Amino acid sequence: MPFGPEHEPPSEWMELNMGPQHPSTHGVLRVRLKLDGEIVRDADADVGYLHTGFEKSFEDKTYTQGITFSDRMDYLAPPINNVGFVSAVEKLMELEVPPRAQAIRVLMMELARISSHELWLGTAGLDLGVYSGFFYAWRDRELVLDLNEAYSGVRMMTSFTRVGGVAWDLPEGWLEQLQRFIDVMPGRIDDFEAMLSDNPIWHQRLKGVGVLSRQDAIEAGVTGPMLRASGVDYDVRKAFPYCGYEQYDFEVPLGTAGDCYDRYRLRVQEMRESLKILQQVIDTLPGGPWLTSDRKVALPPRSELSKSMESVIHHFRLVSEGFKGPLGDVYAFVESPRGELGFYLVSDGTNKPYRMKVRPPSFCNLQPLRQLVKGVLVADVIAIMGSMDFILGDVDR
Amino acid sequence: MTVTASTSLVERLGERFKQALQESSDFRGDLSIVVDPAALVEVARYLKDEEGFDYLLYATAVDWPARVPRFTVIWEVRSLENKTRIRIKTTATMPDPHVPSLTSVWPATNWHERETWDLFGIKFDGHPDLRRLLMPDTWEGHPLRKDYVSFGEPVIFSDQKLEGLEPDAIRG
């Protein structure tokens, strides 16, 4: 359906700009609403206000340099972006990642999932007037950021992966800190649920709002909790396990109604499942190296540089020009808090990606906004947009 | 993370579409086919209705300035039930690159094709709403083309005159 001046609505309709600086758009999304009184007749999402040209920038940087771009796209789950990016390169290079590196990646990714869902709970609640929830969610998310900082030195943009492993081993005392987090979180999620799950206002605002049927969800190409809330059992961690997810025992919660409330319930449930995974990783954490010993792609340890000329050469070549990939194109994907995050990498045999296409889950989840908001009240648009959990950095790249 | 669609799928496609299926490859477990643009919609329809590829992952393009045809346009789809994936490629030639739109088969490709039009300048025939998506409507040029300079502000040295510089030179 075209949306332009040639399709002028009846004169009593009003066009309203929601955004780009509206607080509930979580970033800079502009939605042009056509209103018939309080009822939305049509909507057009204008994205791109946060377009940063990451896909173009990838083409100018070596594979290792590209890692720091990846976490700036979906800035609420940087570790998952890091892993998604390097897994595309690893697939191209046919690299094996040591088990300990995989376990560390899983730890960081599940922490990111929890922190992202916490942030979502806080802000989506804030949009609907649950002010207190925001403070609790922020307090708990802080614990994850502390863990990020203790591991990588950075609270958000961790850039902790390297092609073939991770940059550092876990620091001393980190696992104990993580264990305290795992112990304290279930009670805090219970508190959150006590506040919201049976709250009549929360029910009224979310139940039956923004319903996406199973068929529509697949047609619209939505992914992650939005797809699962509509009853489609698809989670990359289960369907195509990566980083050793097949070893861990966890459930993929599914919804039935496909409404905003199901999406809320699913995310809370997913946080509990992530805690289960974290505990299992701690219990089974393998030893050994955390970076591949393939010197063609991974830097030699510092200690070798003073002893081996070979290592110095490798170090110099990797730092100055990186490594070259074979000709070909691959698609690698991981499960981000928002759904399937994919990286389509085309290599022309040089040390830089020839083309790097990101399949951002937020972009795919935002697309059906128009069909979801047609015919609803303006206030429900806020609830629906909140339940989509899109990150504009991820949409616009 | 290896996901292989069975090779017999390629055989079935080859049998049915003959010359329209120009090429197929299996690289690192990713199955790709190259399809003649004229038969693209038909192949897509077949893949969706009879092979169960119901879920569109993304659509995009790759620019190869030295090649003829210059652009490769790509749609990647998945069958949620069979857990298989196939990458459909077709080509577009300069000076007026255009390919058929697959919005009639997978509606979810709508925004992906808009983005590809926006960033590569490839037209999708039959797309219901082909407007720029990420760049402003007034933008000139298509940033992801290889001949579009990605960075570099024109610098004015002391021996140069200001009026000699085109302010929009970097837009390519």
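**Exercise 1. Describe the pairing around strand β7 of chain A.**

Solution. Step 1: Strand β7(A) is joined by 5 bridges to strand β8 (residues 355-359) of chain A, and these two run antiparallel. Strands pair here if DSSP finds at least two bridges between them. Helices (H or I, at least four residues) and strands (E, at least two) are DSSP runs, numbered from the N terminus. The model is predicted: local features need pLDDT of at least 70 and side-chain atom pairs count only at pLDDT 80 or more, while totals for chains, interfaces and linings use all residues. Residues are numbered from 1 along each chain as its sequence is written, and chains are lettered from A and ligands numbered from 1 in the order in which they are written.

Step 1: Within this pairing, A:Phe343 stands opposite A:Val358 in β8(A). The two strands form a hairpin with 6 residues between them, and A:Gly349 in the turn has a positive phi of about 90°.

Step 2: Turn to the other partner. Strand β6 (residues 327-336) of chain A is antiparallel to β7(A), with 10 bridges joining them. A hairpin through 2 residues connects β6(A) to β7(A). A:Tyr331 stands opposite A:Tyr344 in β7(A), and A:Val334 has A:Leu341 as its bridge partner.

Step 3: A residue is buried if 20 or more other C-beta atoms lie within 10 Å of its own, exposed if 12 or fewer, and partly exposed in between, with C-beta atoms placed from the backbone. Strand β7 (residues 339-348) of chain A has 9 of its 10 residues buried, so it is largely enclosed by the rest of the structure. β6(A) is mostly covered, with 8 of its 10 residues buried.

**Exercise 2. Check the length of helix α6 of chain A, then locate its kink and its cover.**

Solution. Step 1: The expected span of a helix is 1.5 Å times one less than its number of residues.

Step 1: α6(A) has a kink of about 30° at A:Met185, shortly before the proline A:Pro186.

Step 2: A:Met185 is also buried, as are A:Leu178, A:Phe192 and A:Leu196 in this helix. The cover over the buried residues of α6(A) includes α4 (99-127), α5 (131-152), α7 (200-206) and α11 (260-284) of chain A.

**Exercise 3. Describe how the two domains of chain A meet.**

Solution. Step 1: Chain A is divided into domain 1 (5-46) and domain 2 (59-396), with bounds from an automatic or database domain assignment. Their centres, taken over C-alpha atoms, are separated by 31 Å.

Step 1: Contacts involve 17 residues of domain 1 and 18 residues of domain 2. On the domain 1 side, β2 (30-36) and β3 (39-46) of chain A give two or more residues. The largest share, 7 residues, comes from β3(A).

Step 2: By class, this side of domain 1 has 9 nonpolar, 4 polar and 4 charged residues. Ala, Val, Leu, Ile, Met, Phe, Trp, Tyr, Cys and Pro count as nonpolar, Asp, Glu, Lys and Arg as charged, and the others, Gly among them, as polar.

**Exercise 4. Outline chain B and its side that touches chain A.**

Solution. Step 1: Chain B has 3 helices and 7 strands, in the order α-β-β-α-β-β-β-β-α-β from the N terminus on. Of its 172 residues, 40% count as buried.

Step 1: In the interface, 27 residues of chain B are in contact with 35 residues of chain A. β3 (55-63) and α3 (109-120) of chain B each supply at least two residues of this side, and β3(B) has the largest share, 6 residues. The side of chain B that touches chain A has 18 nonpolar, 3 polar and 6 charged residues.

Methods: Two residues are in contact if their C-beta atoms, placed from the backbone, lie within 7 Å. The bend at a residue is the angle between axes fitted to the seven residues ending there and the seven starting there.
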